[in-house]
Amino acid sequence: MFQCIFLGWCTCRENKTGSSGFVSSPNYPSNYSNNEDCLWIITVPVGYKAQLTFFYFDTEEIFDEVYIFDGPNQNSPFFGAYSGKGIPQVHTSSGRSMLIKFVSDHSIVSKGFYAKYDAVSTGMTCFGALKKFHKLTIN
């Protein structure tokens, strides 16, 4: 399943950078193909977290899945695997990167998915970081 990451066998691979952008299954809004093995690495600017919101989701239940990781690779914490027709929850990374992987099997195809990523504030300002550091050094 994760041969694409290790061996570079992906049928589609893309590095997405910037404050916002879109990720979709191949050929969306038409059907994706059989035997897809896709990988997107999202990286937002320093000081922000990546937030992923799905607007459409329809894959073959159990056999065609989207995997989401909280970081830039498969060793990152795992948010979850999604398939079927339910829209996945919004995911926000703990850092500035997120990995999305899509795999389809040899039969039954659907439209797939369409999602948007946004850079969202970490909520920490320079003053907040200084205040937190100051508190730690005094106590």
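Buried means under 20% relative accessible area, exposed means over 50%, and partly exposed covers the range in between. These terms apply in every legend below. The model shown is predicted.

**View A. Phe22 and Tyr114, a stacked ring pair.**
A search of the whole structure finds 12 aromatic pairs. In the pair of Phe22 and Tyr114, the ring centres are 5.3 Å apart and the planes stand at 10 degrees, so the pair counts as stacked. Phe22 belongs to strand β2 and Tyr114 to strand β9, so the contact ties together parts 92 residues apart in sequence. Phe22 is partly exposed, because its relative accessible area is 40%. Tyr114 is also partly exposed, at 26% relative accessibility.

**View B. Phe102 and Phe113, an edge-to-face ring pair.**
The two planes make an angle of 70 degrees, and the centres of Phe102 and Phe113 are 5.7 Å apart. Phe102 sits in strand β8 and Phe113 in strand β9, so this pair ties together parts 11 residues apart in sequence.

**View C. The aromatic cluster around Trp40.**
Which residues do ring pairs link into a cluster? They are Tyr32, Trp40, Phe54, Phe57, Phe102 and Phe113.

**View D. The disulfide of Cys12 and Cys38.**
The structure holds one disulfide. It joins Cys12 to Cys38, with an S to S distance of 1.7 Å. The link is right-handed, at 120 degrees about the S-S bond. Cys12 lies in strand β1 (residues 12–17) and Cys38 in strand β3 (residues 37–43), so the bond ties together parts 26 residues apart in sequence. Cys38 is buried, because its relative accessible area is 0%.

**View E. Asp37 and Lys101, a buried salt bridge.**
Four salt bridges occur in the structure. In one of them, the side chains of Asp37 and Lys101 meet at 2.2 Å, N to O. The partners come from distant parts of the chain: Asp37 from strand β3 and Lys101 from strand β8 (residues 97–103), 64 residues apart.

**View F. Asp58 and Lys85, a strand-to-loop salt bridge.**
Here the side chains of Asp58 and Lys85 meet at 3.3 Å, N to O. Asp58 is in strand β4 (residues 48–58), and Lys85 is in the loop between β6 (78–82) and β7 (91–92), so the bridge ties together parts 27 residues apart in sequence. Lys85 is exposed, at 63% relative accessibility.

**View G. Lys116 and Asp118, a partly exposed salt bridge.**
The closest N and O atoms of Asp118 and Lys116 are 3.1 Å apart, and the residues form a salt bridge. Asp118 is partly exposed, with a relative accessible area of 22%. Lys116 is partly exposed too, with a relative accessible area of 24%.

The peptide bond from Tyr28 to Pro29 is cis, with omega near 10 degrees.

**View I. Ile108 and its positive phi.**
Ile108 is found in the loop between β8 and β9 (112–121). What is its phi? The angle is near 55 degrees, a positive value in a residue other than glycine. Ile108 is exposed, because its relative accessible area is 55%.

How values were computed: Residues numbered from 1 in each chain as written. Predicted model: local features only at pLDDT ≥ 70, side-chain atom pairs only at ≥ 80, totals over all residues. Heavy atoms only, no water. Disulfide = S-S within 2.5 Å. Helix = DSSP H or I, 4+ residues; strand = E, 2+ residues; numbered from the N terminus. Buried < 20%, exposed > 50% of the residue type's maximum accessible area, 1.4 Å probe, protein only. Phe/Tyr/Trp six-rings, centres within 6.5 Å; stacked < 30°, edge-to-face > 60°.
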